[in-house]
Structure formats: C-alpha cells, structure tokens
Amino acid sequence: MSGFDFEVLDLSERGIRFRLGEAMAPEAGHQLRGTVRFVRGVSAEVGGTILRVRDGQVAAVLEEGVPASVIRAEQRFLLENARRFTT
C-alpha cells in the first residue's frame with residue numbers, strides 16, 4: 001500500500017478506519033504503518049494490525065496510535081473552523 005494516500009473515516013487513540021480507494025486490499029492480520037496528516041498541519045506516525053477489509057474500507061487496531069492530546073486539539077480546531085470546512 002506504499003505510495004498511496006487514504007481518506008481517514010474514523011480515528012481514535014487505538015483504532016483507524018480509512019477508505020481504500022485505488023490501492024489493493026490488504027488481508028486481515030497484516031501489519032500497517034503510516035502517517036496521519038491532520039487538517040491543521042500536524043501529523044502522527046501510526047502502526048498496527050489490519051482487522052478487516054469490507055466495502056472498500058479498512059479497519060485496523062493501532063499498537064502505535066495517535067496521542068489523545070493530538071486528537072483533542074484537532075477536534076477543537078475543526079469545531080472552531082466548522083464554517084470554513086462546510087461551505
């Protein structure tokens with residue numbers, strides 16, 4: 001899956017779900033490593049294991065996840081700038 005960018009649909013400290021797009025589907029149990037880039041410009045390295053691939057979406061459990069402080073800061077940023085992203 002190297003060389004692809006994916007749209008993140010759900011993200012927590014220990015899990016991620018993203019849209020597969022044009023990439024080949026990985027199999028459950030395979031290892032995942034990547035970088036999550038947030039709207040405000042911050043990024044976080046993640047790593048984990050693929051749980052399932054269904055309907056063009058991949059769900060994984062993250063052993064190396066996103067710190068809660070980073071997620072909260074992104075949530076605040078999105079709430080404060082909601083109009084900018086919905087027009």
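Glu74 touches Phe38, Val39 and Arg40, leaving out residues up to four places away in sequence; contact here means heavy atoms within 4.5 Å. Glu74 sits in helix H1, where helices (H or I, at least four residues) and strands (E, at least two) are DSSP runs numbered from the N terminus. With a relative accessible area of 5%, Glu74 is buried, a word that stands for under 20% relative accessible area, with exposed over 50% and partly exposed in between (1.4 Å probe, protein chains only).

A word on the ground rules before we go on. This is a predicted model, so local features need pLDDT of at least 70 and side-chain atom pairs count only at pLDDT 80 or more, while totals for chains, interfaces and linings use all residues. Residues are numbered from 1 along each chain as its sequence is written, and side-chain values use heavy atoms, with hydrogens and water left out.

Now let us turn to the sheet. Its 5 strands form an open sheet in the order S1-S2-S5-S4-S3, with antiparallel pairing; two strands pair if DSSP finds at least two bridges between them. At the edges lie strand S1 (7-11) and strand S3 (31-37), each pairing on one side only. From one strand to the next the twist averages 40°, with axes taken as lines fitted to C-alpha atoms (for helices over the stretch in contact) and angles running from 0 to 180 degrees between N-to-C directions.

Within this sheet, strand S4 (residues 43-54) and strand S5 (residues 57-64) run antiparallel and are joined by 7 bridges. Arg54 stands opposite Gln57 in S5. Strand S5 also holds Ala59, which counts as buried at 8% relative accessibility. Leaving aside neighbours within four places in sequence, Ala59 is in contact with Ile16, Arg17, Thr49, Ile50, Leu51 and Arg52.

Finally, have a look at the largest pocket, with about 810 Å³ of space. A pocket is an open set of points on a 1 Å grid over the protein atoms alone, where a 1.4 Å probe fits, with protein on both sides within 12 Å along at least five of seven lines; lining residues have an atom within 4 Å of a point. The volume is the space filled by probe spheres set on the points, which are joined across faces, edges and corners. Of the 29 lining residues, Phe6, Val8, Ile16, Thr35 and Val36 lie nearest the centre of the largest pocket. S3 gives the largest share of this lining, 7 residues.
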